[in-house]
Structures are given as C-alpha cells and as structure tokens.
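I opened this structure to take notes on what I could look up in it. The entries follow in the order I made them.

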Amino acid sequence: MTKPFLSVELLTQQFPDGAGDTLTVFENATFSVAEGEFVCILGHSGCGKSTIMNVLAGLAEPTSGTVIMDGEEISGPSLDRGVVFQNYSLLPWLSALKNVMFGVAARHPDWSKSEVQAHSEKYLAMVGLDGDAIHRKPSQLSGGMRQRVSIARAFANHPKLLLLDEPFGALDALTRGTIQDELLKIWNGTNQTVFMITHDIDEAILLADRILLMTNGPFARVAEAVEITIPRPRRREEIIDHPNYYAIRNHLVHFLGSRSKELAGQSSGSGANSPETIRIDRTEKDTPETDDDPTHQAHLRAVNE
Amino acid sequence: MVQKIDMRSTLLSLTILFVGVFIWHAATHVPDTGPTGVELSQGEMDTLLGKNMLSEDIEYYATQGVEFAQLEQIASLNLSRSMIEAAGGIQALGISAPDENSAPAPGSLFPSPTQIGKELWATIADPFYVAGTNDMGFGIQMGYSLLRVLIGYSLSAAVAIPLGFLIGMSPMFYKALDPFIQVLKPISPLAWMPIALFTIGDSELSSIFVIFICSLWPMLTNTAFGVANVRSDWVNVARTHELSTTKTALTVILPAAAPTIITGMRISIGIAWLVIVAAEMLVGGTGIGYVVWNEWNGLRLDRMIVAILLIGVVGMLLDAAFARLQRAVAYAE
Ligand SMILES: Nc1ncnc2c1ncn2[C@@H]1O[C@H](COP(=O)(O)OP(=O)(O)OP(=O)(O)O)[C@@H](O)[C@H]1O
Ligand SMILES: [Mg+2]
C-alpha cells in the first residue's frame, strides 16, 4: 500500500471537563486520507469534528498521537493547509476584499498589490460576491455572505489540503448549490485534498469520495468510512437516480439516527480505532434488490484496511 | 426623533447654563448704592413740597435712605441741600440718617459673570503677549503646559504601548511584571515629584517625568488587556497564514486591540492634563497651573477663573481628539 497523503495515527484529545476531571473527546483515532481525495466527516454536534480539524490545521496540540502529511509530521499551522472556520473568522476591521487580500498577500509576498487584488476579486466573484458588497465590512454582510468570503479566502490560496468546517452551513439552498459546484470545479482542476465537516448527508454524498462517520462523544470514534460508489462527474439532479444513492443515504441516516448512539461512549483501551471501510455497490449485483436497508449483510461488503 | 432629542438636549443645556450664570450673577451682584432708597407716598411728597422743600432734594435724600420723619425735619430747617452739605450734612445738624459705612458689604470679592466675560474677552483678544515673567498671555502659558504634556505623554506612549504588547502577548512577562505594575500604579503622580526633583533636579524635567509616570499606567494596562484578549479566532487566522510574530502583532493584534489601546490613551491624556496643572502649581515658573496659583496669590480672581475655564476647555478638546480617534479605529463584530 502506498503511503497515504494524510495519516492520522492514534490521535487522542482530552480537555479538562470543568469539574476537575478530564473529558476524552476521542481516543486513538486512526485514519488516513489519500492525495487528491475528497473526504467528508459526519457526526452529531459536539462529537469532536472541529477538534479533529483543529489538530489537522495545526492550531491545537493533541493530547497524544501524530498527524503526518506528505511524509512530514504536522507541527503548527501552515499555508499548505487552508482552513474555513466554522465561525468564518473574518477580521472585522477589514472589508470583504481586504480579508481575502490578507490571505493572498500572505501566500504570495512577492506579488504586487494590484495582482493580489485581482486574484482576490476573482475568487470573490467565484463565490458570487462582486460589486459594492466586497467593500463592505463583515458586520455589514449577511451570514451567508460572510461564509462565502471565508471560503474565497481559503480557496484563493490553493492549499494542498483544504480543511472546511461546515463551510456551507449558513447558505441558502441555491447559493449552496452554486458554491458546491465551484468547490468541485476547483478541486477537479487541481490535486487538492479536501477534508470537510458537514451536517448535510446529501451534500456529503454529492461531494465526497469517502464519508467518515463519527459516533457520539465522549470517546467518539471514527467508526466507519463509507465509500461513495457513484461515478463523477456527479450532478445533483442525476445522482438521486443512481442505484447506489439511496442505499448509501439510508446507511448514513441509519448510522446517524441510531448506531452513532449505540456505538458511543466506551473507552476502547489502547488499540488503534480505525474505521471499518464500508462499500455499498448495487451495480455490482446481478439481481436487483427491493430491500432498501443498507445494513442488511447482503448489500454491503465490509473491507478492513 | 434623534433630531428632536438633540434639540431638546440643547435647550436643556442652555437653560442650565442660563440658570447657572443667573445664580452666579445674583450671588455676586453688588448693588451700586449702599443704603436702600425710601419710597414716598404722594401724600408725603405733597406735605414736603408744601414746606417749600425742592422736589430734587426730596428725591436725593429719599434715595439716600432718609425716612419721611427725618425729611420733615430737614424741610423745617428751610435750607437748600447745598447749604446743608456745607454745614457738614444732615447728621451734623442733628438729624439721624442711615450711616453710609454701615451699608452691607459688597456681595463678595468673587467676580461676577460680566467681569469674567470681560476678562475672557481680553484674554482671547490677546493671548500671546509677554509683559514680564509673571505676566504673559494665557496662550503662551497654555503652550508651556501643553508642551510638557506632549513630551511626557509621547515618551510614555512610546514605552507603554510596546511594553503592553509584550505583556499582553507573553504570559511569562505578564506574570513577571504584574507585581511591579500593581504597586507602582496606585502611587499618586505628585508623590513622584520629590523623587524627581531630587534625582533629576531640573523642575522642568521633573514635571515632564511626572506626566510620563501618570500617563504610563492606563496605557500600559489597557494595551496589555486589549492584546491579551484578542479573539483567538483572529490570531488563528494569522497562524494559518504563517504570519511572523511581528506581522501578526501589526496586522492582526494591533487593529484588534486598537479600540482598547486608544481608550487607555484617552484616559491617560485626561490624567496628564489633570496632573500638569497640579505639578505646575507645585513647581512654579510657567504654565497654566502656575498662572492659577499666581493669580490666586495676587487675588486677581477674575484672571484666575478665566485660567481655570481655559484649562477645562483645553482638556475637553484633548478628550474630543481622542474620542475621534476612538471612532476611527472602532469596528463592529
Ligand atoms: N478548548 C476546549 N476545552 C474544553 N472542551 C472542549 C474544548 N474544545 C472542544 N471541547 C469539547 O469537545 C467536544 C467536541 O467539540 P467540537 O467543537 O469538536 O464538536 P463538533 O463535532 O465540531 O460539534 P459541532 O458539529 O456542533 O460543530 C465538545 O464536547 C466540547 O465541549
Ligand atoms: Mg464544529
């Protein structure tokens, strides 16, 4: 097996829980992401998705464990890992344009101001922001607009790894669709790896190569890695007709609905908690199935890495 | 709506000013005549005129506070006023009359609003005259004070803001320097004066030093607080963009903490302006604080009050400048 691009090994994160004890958010989490892969992570609120992302970004030190990217252990943040924060994290004293320029100028210190500005405007236009709006301060923008500025700031820097924490959470369905398409376009044209947190199952199926499923915390685990066996390019109107779509979707819904709770809450000792790979592929079957329950053993093949 | 409130508040301010000045005026008003005049009825007037007393004489004595009974006595003398005066006045002729010296003392020594107005106008008309070491225009004296404040305050800002950054960004420095700050901060600025005079010697430099010290603490603590409390999200933005510490300090922390820092600077300039007046009263020589002291010693209260008023106005202008700066760096989250 070739070395994965990003490899998370035995990652444990604990916080003081405020009552003098420690809260173990997750323990010995172990998973990997291939180069150029698009991975979404799904899990209930508070299970530790943002915490994992902070570690990947290099913003937080894990209690133990390592993250290796491109053969090098991550220590501290880097321009190679672009982050779209859950709360946008725009600098409130700068206009939308200046916020993007802030990032671009950091990435390309040798560029002239007009180059930086042109590049920034291009990415703002890509997320649907232009004209007068880009000169407004974040406080004068709607939540969705702020989120788009934050997305533009991360995309404009072409990081090797894009870390997106619910990047489309505050967007209306229409804008969300447009920006999802833009994201796929950007991702297709490059060799970028994307690690994205989302709460939206359909969005995850549309975008991801693989979906990591997390159980509820504390002692959350990345329990399963579901491969999305729907060929690209995917169009949101067409994928719902694909035979695998509902099978995968039902599996995900079932996991989040009940199994995330059932699997939650046990400390599993010292062994590595790596996810079970789930591959659901109806197209490989000879006889069409009427049963939609994807957890049914006949429909899936569990492959351990 | 806002306009209406503005209009009403202006009206109220003017009313308060008017009432204040009126009370001041009433409290310091000195009537021109000592004794109060006497009102004569028409009948009394006729009686006196009937005794061949001149109406202008009646008028004169009445305003001097001479009662009707005495006026009758004067009338019966049948002498004109000039003759009575020549004889030494009505008292000399055995007629009791109000004593001029027993008239109530002038309201007070305290100058009235009109006197102050006149003095103020004279000051504004010629603020920069120099007629001797103790007699210079208030403009010049104010200039001395402002210069001292400016030098002391600038030096203080040059120390406090970088040091505040250091303390705010490094918990280690915060812990190390905090005890010193906590002890030195509550010391009255003027308590430093003897130490300054002893060590520095020069009174001019000593006042500047006192300004330096008193401006230091609000700027230092506010800068440290503002820097330490910059939202970690914003610092994380800088970190994910691999900005150097200096670059982070200048492009993220400085703008983020600017409102708090300017608040500290605004408090400092206010204190510096309070302290310079006291320091100059203590040290003497020049400056608007010295003027207050000097005019007080010479009992030229009108000039003293004008100086005090001007101190207030300049202080207000300094504060307004920083308020404007504060608005310029403010941001909404
Ligand atoms: N700095 C911290 N100190 C203490 N506890 C923390 C800290 N950061 C996160 N936690 C805890 O870790 C757990 C996971 O938090 P995290 O923000 O990663 O959740 P999440 O999966 O991103 O949730 P959401 O979907 O709502 O964003 C929560 O229980 C939270 O209370
Ligand atoms: Mg989160």
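**Entry: the magnesium ion.** I looked up what holds the magnesium ion (ligand 2) in this predicted model. Its protein donors are Ser50(A), through OG, and Gln86(A), through OE1. I noted that they lie 1.9 to 2.3 Å from the ion.

Ser50(A) is in helix 1 (residues 49-57) of chain A, while Gln86(A) is in the loop between strand 6 (81-84) and helix 2 of that chain, so the pair ties together parts 36 residues apart in sequence.

**Entry: ligand 1.** I listed the residues around ligand 1. Ser50(A) and Gln86(A) are among them. The list also has a run from Ser45(A) through Gly46(A), Cys47(A), Gly48(A) and Lys49(A), as well as Thr51(A).

Next I looked up polar contacts to oxygen atoms of ligand 1. A polar backbone atom of Gly48(A) is 2.9 Å from one such oxygen. For Gln86(A), a side-chain N or O atom is 2.8 Å from an oxygen of the ligand. For His199(A), the distance from a polar side-chain atom to a ligand oxygen is 3.3 Å.

**Entry: the largest pocket.** I looked up the volume of the largest pocket and found about 290 Å³ of space. It is lined by 15 residues, and those closest to its centre are Lys98(A), Met101(A), Phe102(A), Ala105(A) and Thr251(B). Which elements give two or more residues to the lining? They are helix 2 (96-107) and helix 3 (113-126) of chain A, together with helix 13 (245-283) of chain B. Helix 2 of chain A gives the most, with five residues. By class, I recorded ten nonpolar, two polar and three charged residues in the lining.

**Entry: Leu11(A).** I looked up one residue in strand 1 (residues 6-16) of chain A, Leu11(A). Its relative accessible area is 1%, so Leu11(A) is buried. I also took its distance to Gly71(A), which is 60 residues away along the chain: the C-alpha atoms are separated by 17 Å.

How values were computed
Residues are numbered from 1 along each chain as its sequence is written. Chains are lettered from A and ligands numbered from 1 in the order in which they are written. This is a predicted model: local features need pLDDT of at least 70, side-chain atom pairs count only at pLDDT 80 or more; totals for chains, interfaces and linings use all residues. Side-chain values use heavy atoms; hydrogens and water are left out. On a 1 Å grid over the protein atoms alone, a cavity is a set of points where a 1.4 Å probe fits but cannot get out, and a pocket is an open set with protein on both sides within 12 Å along at least five of seven lines; lining residues have an atom within 4 Å of a point. Grid points are joined across faces, edges and corners, and a volume is the space filled by probe spheres set on the points. Helices (H or I, at least four residues) and strands (E, at least two) are DSSP runs, numbered from the N terminus. Ala, Val, Leu, Ile, Met, Phe, Trp, Tyr, Cys and Pro count as nonpolar, Asp, Glu, Lys and Arg as charged, and the others, Gly among them, as polar. Donors are N, O and S atoms within 2.8 Å of the metal (3.2 Å for Na, K and Ca); water is not among the atoms, so sites may look incomplete. A residue is near a molecule or strand if one of its heavy atoms lies within 4 Å of it. A polar contact is a pair of N or O atoms within 3.5 Å; within protein, one must be able to donate a hydrogen and the other to accept it, and residues adjacent in sequence count only if both atoms are side-chain atoms. Buried means under 20% relative accessible area, exposed over 50%, partly exposed in between (1.4 Å probe, protein chains only).
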